[in-house]
Each structure stands twice: as structure tokens, then as C-alpha cells.
Amino acid sequence: MKAFETFETPTAARVNYINAEYGLKSWLLTKDHKRIALLYLGSISAFFFIGGLYAMFIRLELLTPQGDLLSSTTYNKVFTQHGIIMVFFFLIPSIPATLGNFLVPMMIGAKDLAFPRINLLSWYLYLLGGIITIWALLAGGVDTGWTFYAPYSTTFSNSYVVATGVGIFISGFSSILTGLNFIVTIHTMRAPGMTWFRLPLFIWSHYATSLVMILGTPVIAITILLLAFERLAHVGIFDPANGGDPVLFQHLFWFYSHPAVYIMVLPGMGVVSELIANFSRKNIFGYKFVAFSSLAIAVFGFLVWGHHLFVASQSVYAGMIFSFLSFAVAIPSAIKVFNWTATLYKGSISYDTPMLYALGFIGLFTVGGMTGLFLASLAVDVHLSDTYFIVAHFHYIMVGGTLLAYLGGLHYWWPKITGRMYPEGWGRFSALVVFVGFNLTFLPQFIAGYLGMPRRYHAYPPEFQVFNVLSTAGASILGVGLVIPFIYLLWSMRYGKHAEPNPWHLPGLEWRTASPPPTENFLATPIVTWEAYEFAPPEEMQVIGKLKNEGLEVADAVIDGK
Amino acid sequence: MAEGITVGHEASHPALQHHFENLEQQREAGALGMWVFLVTEIMFFGGMFLAYTLYRTKFPAAFASASNHLDLTLGAVNTVVLILSSFTMALAVYSAQVGKRRNQLICLILTILLGLTFLGIKAVEYRDKYEDSLIPGSLIPGRPFNPAVQEHGQPYDKHKLHLLPGANVKNVEMFYWIYFAMTGMHAVHMIIGVGVLLVILYFSWRGRYGPEYHNPVEISGLYWHFVDIVWIFLFPLLYLLGRHLEH
Amino acid sequence: MQTSWIPFVPESASTISGRVDALYFYLSGVTLFFAILISSVLIFFVIKYRRRSPFEIPRPIAGSHKLETLWSVIPLIIAMSMFAWGAQIYFENSRTPKNANEIYVVGKQWMWKIQHSTGQREINELHVPTGRKIKLIMTSEDTIHDLFLPAFRIKADVLPGRYTTQWFEATKPGTYHLFCAEYCGMNHSGMIGSVIVMQPTDFDNWLSGNASQQSPAVAGQQLFQSLGCVSCHGANGEGGRGPTLAGLFGRRVFLTNNQTLTADEGYIRESIENPSAKVVAGFNPIMPTFQGQVTPEQLIQIISYIKSLQVTGAPASPASTSSTPSTSSPAATSQATPAAVATPQPNPK
């Protein structure tokens, strides 16, 4: 292993982005994409914790069929707020705003994102939106379901719909700005030699995600605005009494919210592409197919929203077209799964924690994606709409997909982000617990769903209890599995083993600089002469630029003297 | 390395930000950023255009009646004003590119004045609608939507709503909400545009922009033209379509 | 298809439920196959190609167009088979049979109000016979609801301000769940009830034991008189200053703007609430709006009465009031408003 050590001493004394400046102000006013990623990481974790608490209450309530723990009003607020927090304040920003923010510039060899100030602004918008939403939840909560369907949300609900809407509206702009920043950065700031087809697939998937963010998010913004005015001033645009059409709201809502599913899962696919290739030391099988399938998903994703409206009085023919397109959008996802699997063939596969998460992702995403076909299929969807089958399906995508990829990515880049290793044994153990707990939680819900248990039910017929008990038991295991990494990752920030610049011995650009990286990522602008995932003997995958222990001054001298 | 402006780089223009390699890269990033932003703006307005299309098809008579009540003259004047302002904006960008500071200042001031003229005329139109009680819903408390309707055979009164056969006042209200939402959102963009141009004017007065560096002028120009183009769509959709049904 | 022996499948009690189950089994089979295939290949590779030395670098494999084509085309074919199968059942089921018995359903927070065409009212219960086609005509008094009958594998949203329909033919006597499947507020999970499927003879007995209320058509007739409709449309809908209503339902109607449409529930409702929107050729738009004066339930009664009006003028017996034209399938009815969208109507004086 000696051959890989490019630094003479551990990194403790070296100047990096974390210790370059001190004080709260240096964090709150930072324009460094890596620091902003950490700000996001902290705030997103907080929201995940809140969303998780709500999930706990949902599962406890559903342990018994009577609806005895919470009142129905409280329960309705709890599941609504679980959805809103998890979707808008955890899943959508999760991978792009933390890992993406940290890694997009590093992977393409740039010093920062194209618009650092806008990047910071996007975090503040996210935070502001989040605080307004939390305020709305504390002030009395919201009970419309995260889908805000009119006319319930505009006329009948007595909860804080507008305040929550404002929170989501504002955080939506954070998402738009992140997407804009990524697109411009990927287009204009690639290092010399970093051609489009040398980009890591993480970048391709973030590019596709960004497309969805900039095209979809404005539509939900205007939709929420119209909804808020409808509620406040009764202008009639979604109100049948004025000739308005409540189904128009559903169309506008799903025009964003279905592609939003791809905002959540595409970055996860990018992470998994990295993990699969790097932990089997193989270039990805069918690179271009995986890359373009991300774009295909982003584009087709905009054409399938109507499959949420098969039972919402949509015309038969519209239903058939949307069903057809929904089946078509499954193909690029299938291509990805097959290519990931083929990448492992004749690889050199290690069993590190990130790889376990990636393998778990493929399995669960396959189930999640295939059960999506049930819902694209018209006749079956009529039966399954608004049942627990849907709940199980999208949790397989959102939790089994996005969350697992997020955790895998977090472990994978943890040494780069913090300069410390996480404890491998605990990592593997918790990955296993998460996998078991997750399946036990959501597999029974598929069955309950086909048996007819409707979603958003506070009390339910007793025959469904067995599935709910299993689900609650699984959720407890899942909860434990998620608390373990939270604890040991925090612990490792202080007590973990110091990480080498390239602990996994990989060719990616982000591994060719110090851990943690210096403020401008690289000591000299890298010149890329290798393909993506081109594994070479360790001495050829060294850190770019010379670095000694003297600190930043030396680093600057290297750049200026170039 | 400290944030902000790097001194000592080879292309050490004071406006070059530390994370860009050179001014050309910075310019490209800025322009592309604005284009991407404008795409999001199109989608933002797109939601309202969809609502307009849907309800106009559903209630053509009501939408035509409501549209006929809008002041065509003021709308047309405003269209001319905006097109002129786009012209002066283009000249301002050109002057910056060729380094004519005086022309640049004059054109920017003209653009801002034209923008303000547009907003002034818009305010007059809004006041007229307020006086005719055409503000939908309870947008303005105490002034519900309650227009006077022209009865058949009565003398013409321009403050009264002329309902075409088949038009329902409820649906006229829908038109006016879409009208206020779209023109209001457009006016918000105009106000932001004027604000941006004031900043540009200040830096332009300080002599910051020249042939080497005029990126901000250029991308503000892009934004201004976009806002102009939105109006070019709004004007015929709101003011003109259905006018032939008047008689 | 008899499916009761298979675990995790709900009671199958309608003519369509077996067909839906068959497709569901196909989908489940394909899902299981691929899930098992991919996980076993993954596990096999992960074990077989585990890292044996920290320094090994496997030979790169670029990819294979043949394989890519193979695993794009095969899933596409499978997906299209699923699409075709699902769409076929859905499409066939979207056409309501002509001889279906009509039952009116009004959803409101948080109960289902149901009325049979013979007049019997029920709340949160729906009695139906086996072997007869039943068409549910549904609307909501407040927010969106959704009538979900899992044993029949059908559901459809119930919307305010328009009519949606769904139909079924029950096959097996028993008591099954009736759920609201669209979240509608506080007591959403309490908006449940049961469908009681009976043998036709039992059902007829039940009907006659409950026939204390007037049928919707009769109630509609009273409203027709009390609201003053008779003064223009004639005592028996034979027409006058207003167009003839007898035999109107399901007929082509010529409008003043030279367009035609088929009179369905949506059209009649629109003509009551916004009369000048689509005026019949040869008539003046003089009818006042009745919006806000009639409840959704009363609207249903009036529509039911108008449906019952035969060309001869007299209300026919409710049993024979179910002539539903094929154009009034759930699609057509639920599309009533979008259909109106498609016809620009500069309306006549």
C-alpha cells in the first residue's frame, strides 16, 4: 500500500477548505462549493430527522386498525408533513445539493461552480423555505397531503396551506438555481482534456437532473402561486363554481411532480454508476448507453405525468397515450440496471460499505421500477391507484433508490469530504440492517395495496393489520439502521482514521487531490488525458501538482509559478 | 486562496472572478446562465399560458367579452413602448461592445424611461379595471368582482361589460384573474428589469464596461428582451383574440 | 378465472376482476423473474469476481452493441405486451353497456349518498344484484372523492361540478368493502361502507321492502314543476319557448353555432347551470341560470327525469330508464367538460 502514499505526512496540519478560515461568518458567507455542500448536508440531515419522526408516528398509529394513537386530524397532518418534508426538503436536494455540489466541480476539474454567489443564495433560499415550512408546521400544520389537491386545499382545508406553499415556492428557487449552476458549470468549466465522454456518469446524471430542475420546478412554482391566490382571494381558477377545473391543478402539479421523481432518482443512479464501476475497478459497461439513458429519462419523464390521473376522469385515449409513454420510460432504466450488472462481470469487486449500498440499490430499484409497470398498466392501475401499493412502490424508488444511493455516496466520498475514514465494520453492519428493515417495511405494503387498503387512512379494516404490524416492525429496524451511520459518521469526523488522498485507489479527478481538498480543489489546473474509469497502476493515479506539508502558501506558489 | 478577485493571474482583468480561467470563460458562463434562466422563465409563464388556453377554449364567449373590455389603445401603445425599449437596449449593448460610454449611458437611460412609461400605462389600465370593479375574487378586500353589465338596447357605456351571447360573468372573472396574473407577473419582471438596469447604469457611469468586459450589460439585455417578448405574446392573446366577435 | 386459492389476492366478485387479476399475475411473474434474475446474477458476479489482491486491475470491457440492443428490445417487447393487455381491458371496460341499471352516487365529506333509480336511498351501503350490469353516476358536493370497490377492481374519482361514471357486474353474493380512495379531509378514512351483493331474487325482495321513497325521476318531475321549467319546456318536456326535452337524452343536438353534440348528463347539467353556453338551434338564450338553486342531488333528479321522458311525453317506468347511448361511456361523460372545450361556441342571440 505504500505505493499510493503521495503525502509525506498525514493531513492534519495541511491547509484545506475546512481549516482555511475559521468562524461562523466564514461558513455563513462562504462561496466555496464544498463548504456550501456541508451547509446543505447539515440542514438536509436535520430535515431528514424531522421527516423521519413523522414517519415514526405514522407507523405507530397504523400498528392498530382503530386509529387510537393520534386523532384523525393529527394523523392527516403527520402524513402530509412527512411527505412535504421528505420530498421537498430532503429527497429533491439530497444528492444534488450535497454530493453534487461538492463533486461536480471537482470531477470536471474546476475550481468552483460557475456562480458561487448564486450557489450560496440557493442554500439560503432552501433554508428560508424550510424555516417558513417548519413555522407553518409548528403554527398548526397542514393537512392536504403533499399533493395539495384542489379544491380541498383551496376551499376546505383549515390548515396552513399558504404558508407551507410559500415555503415550497421559495425552496423551489433553490432547486432551480442549483440546476442552473450545474448546467453552466458542466458546459463551460470542464478542465482541458475533459471531453463530454470522459465525464464520470455522476456528471451525466447531474446534468440530466439539472435539466429536469430548470424545466419542471418553475411550473410547480407558478402552480403553487395560483393555488395560494385561489385560497386567499377565491379567484376561481381551480374552482368549479367559477368554471374552473380542479383537475387542471392535478395536471400542473404532476407535470412537475412526476419529473421530480427523476430529480430524486437520477442523481442516485449517477452515484451508483460511480460505485459499481469504482468498486469493481471496471470501466462502466456501455458508458454511452448509461449516459444517454439519463438524458432519455429526463426527457421522457416530462411526457408521462398523466399516469397519475388514470382514475381522475382523464379521457380514455389520453390514458392510453400516457400509459404507453410510461412503459417507454421504463426502458432507459432497464438499460441502466443491465449495464450495471454487466459491469461487474470479470471485475475486481470489493465489499466495502458503499458497494453494499450500491448492490442494495440495484435490487431495490429493480423491484421499485418493475412495480412501476403495474401502475403504468391501465387496468391494474385503476385498482391500485391510491392504495398502499403506490406507497410501497414510490418508497422503493425514493428510499430503496435515492436514500440508499445517498448513503452509499456519502460513505464513498466521506474520506474526501472530511479527511477521515468511517468505521468499515459498522458501515457494513448498518447497510445490512437498512436493507433488511427497508424490505420488511415496504414489501408487506405491496400486498396490503393489492388487497385494497387505501392510502392516507387513519383507521383501517382489521384484516389489514398483519401487514401493518410487519411494516411497523420493519420501520423500527430501518430506523435503527439509519441512526447507526448518523452516529458513527459524526464520531468519525473527530476520531476516524485520517484518510489518504485516494483511499480507494481510483482514477477519478476528485481522488487526485488532497483529502480534504484545498479551497480551489486542485493545486494546478488538471489536464485530463485518461478516459472515465480508466484504471491504471496506482503510481499513475497520483495527486496532481506537488504538495508538501508547508501549507497553502506553497500551494499558491505552485499555481503562480506554473 | 482568498475569495474575490485574484491578482497576479495572467489575464488579470479586475472583473475576472477567481474561479474562472479567463474572461472568455466567464463571459460564456454568464451568457449561458442567463439563457438557462430564461428557459425557466418560459416554463414559469408556461403554466399560466396553459391555464389561459384551457379556459379560453372552454369559455370563448366570456373571454372575448372580457377581452373586448380591455383598453386596446393603451395596450397597443405599451407594445410600441416596449419594442422601442428593446431597440434602445440593443443599442446600449452595442455601445458597450464598441466602447462608446456616452451612447451607452443615453441608451440605458432611455430604456429605463421607456420601461417606466410601460409600467405607468399599465398602472392606468389597472386603475380603470379597479374602477369598473373588475378585480377578481377578493384580491382587493372590499372591492369584489362586480362589474356593471350593459343591458341590451341601452346606450353604450364603456364602463359596462358587454357580454356576448353565451358569456357568463363568472367566466369573465376567470379571464380577469388570468389577465391580472399574467400581466402582473410580467410587470414584476419589468420592475426587476428596471432595477437591474439601474445597477448597470451606475457601473456604466463608473466606466466599468468596455469592449473587453461588458458581460453584465449583455445578459441584462437578454433578460430585457425576454420580458419584452413575453409581452409580445400577452398583447395579442389578451387584447386582440376574440375582438372580431364584438359585432 | 377462479383465484380464491391464491394468497394475497382480494375477493374477486365482478366480471372484470378475474381479468385484472390475470394481468396482475403476469406483471407479478415478470417482476419476480427479473428481480430474481438480476439479484442472482449480481450475487454470482459479486462472489465469483471478488477482489483477490489489492493490486489487481481487471481488463476493461468496453461494452457490446449486441447486448445493449438485446436488453433494450426484450424489455420493450415485454413492456408493450403489458401495455396492450392493460389498455385492452381498460378500453373495453370504459364502454358502459347499454342496458345497465343506473345508480346515483353523491359523495360528500364524509359519506356516500346513494340512490337507486327506483328511489331507494342508502348511505354508505350499496345493494346490488349479481348478474346485472350496474352503472354508477357519481358527483361530489364538496371536494374530490373517489369510489373504490376493491372486490370489483374498479375505482373512479368523484368530482364536484361534473359527472363521472363507472360500471360493473357483480358475480358473487357477499359483503365487500367500499372505500373513498381520494384524500378528502379529516374523516377520509371513515368515508367507507360496504357493497352488498345479493342474488337477483333477494335483491328484488330487498328493493320492494324498501320502496318507500320516490324515485329520482319522480322527484325530478316535481322539481321540474316547482322550478318553473314547465313554462317553457312544456309539462311533459314537449317543448315550447324552450327546446323539446322528451327523448332528448342520447340524441344528437344541433346548436345555434352549427355544431352538434350528443346530449349526455354533462350537457344537461351545463344547460341548467349555464344555459347560454350551448343553445339549441332555433331558440333564443332566454333561460336564466339555475346555478346555486339546485343541489347536485336535485340536479341528478332532474337529469334522471329528463332521461325518463320518452317522445310520447309521459315518464316511463323507472325500470326502463336505462337507455344509455354508447357515447355516454365513462370516457364521454367524464369528458363532458373537455368535450365542451373542444367546441368553441360563440353563442347566438
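Reader: How many bridges join strand β9 to strand β10 in chain C?
Author: In this predicted model, 5 bridges link β9 (residues 174-180) of chain C to β10 (residues 193-198) of chain C, and the two strands run antiparallel. Helices (H or I, at least four residues) and strands (E, at least two) are DSSP runs, numbered from the N terminus.

Reader: Which residue of β10(C) stands opposite H177(C)?
Author: S194(C) is opposite H177(C).

Reader: What is the strand order of the sheet with β9 and β10?
Author: The order is β4-β10-β9-β6-β7 (chain C), an open sheet of 5 strands with mixed pairing. Two strands pair if DSSP finds at least two bridges between them. β4 (125-129) and β7 (154-158) of chain C are the edge strands, each pairing on one side only. From one strand to the next, the twist averages 20°.

Reader: And which helix packs on this sheet?
Author: Helix α3 (residues 200-209) of chain C does, touching β4 and β10 of chain C. Contact here requires C-beta atoms, placed from the backbone, within 7 Å. The direction of the helix makes about 130° with that of β4(C). Axes are lines fitted to C-alpha atoms, for helices over the stretch in contact, and angles run from 0 to 180 degrees between N-to-C directions.

Reader: What about the sheet that contains β1(C)?
Author: That open sheet of 5 strands is ordered β3-β2-β1-β5-β8 (chain C), with mixed pairing. Its edge strands are β3 (121-123) and β8 (164-169) of chain C. Neighbouring strands are turned by 25° against each other on average, direction ignored. Strand β2 (residues 111-116) of chain C runs antiparallel to β3(C), joined by 3 bridges, and I114(C) has E122(C) as its bridge partner.

Reader: Which helix lies across β1, β2 and β5 of chain C?
Author: Helix α7 (residues 296-308) of chain C lies across them, running at about 165° to β1(C).

Reader: How is the confidence for chain C, and where is the pLDDT below 50?
Author: The mean pLDDT of chain C is 83, with 87% of its residues at 70 or more. Over residues 313-349 of chain C the pLDDT is below 50, although this stretch has 115 contacts in the model beyond near neighbours in sequence. pLDDT is the predictor's confidence in each residue, from 0 to 100. Where pLDDT is low, the predicted coordinates should not be read in detail.

Reader: What ipTM and pTM does the predictor give the complex, and what conventions apply?
Author: The ipTM is 0.90 and the pTM is 0.88. Local features need pLDDT of at least 70, side-chain atom pairs count only at pLDDT 80 or more, and totals for chains, interfaces and linings use all residues. Residues are numbered from 1 along each chain as its sequence is written, while chains are lettered from A and ligands numbered from 1 in the order in which they are written.

Reader: How many residues do chains A and C each bring to their contact?
Author: Chain A gives 74 residues and chain C gives 72 residues. The largest share of the chain A side, 15 residues, comes from α10(A). That side divides into 44 nonpolar, 24 polar and 6 charged residues. Ala, Val, Leu, Ile, Met, Phe, Trp, Tyr, Cys and Pro count as nonpolar, Asp, Glu, Lys and Arg as charged, and the others, Gly among them, as polar.

Reader: Within chain A, at what angle do α3 and α6 pack?
Author: Helix α3 (residues 72-108) of chain A and helix α6 (residues 161-188) of chain A pack at about 20°, with their axes 11 Å apart. They are therefore roughly parallel to each other; angles under 35 degrees count as roughly parallel, over 145 as roughly antiparallel, 65 to 115 as roughly perpendicular and the rest as oblique. The crossing is left-handed, a term used if the near helix is turned anticlockwise from the far one by less than a right angle, clockwise being right-handed. The contact includes F88(A) and I92(A) of α3(A), and I168(A) and F182(A) of α6(A). Its residues comprise 13 nonpolar, 6 polar and no charged.

Reader: And where in chain B do α3 and α6 stand, parallel or antiparallel?
Author: Their axes come within 10 Å and cross at roughly 160°, which makes α3(B) roughly antiparallel to α6(B). This crossing is left-handed.

Terms used: Contact = placed C-beta atoms within 7 Å.
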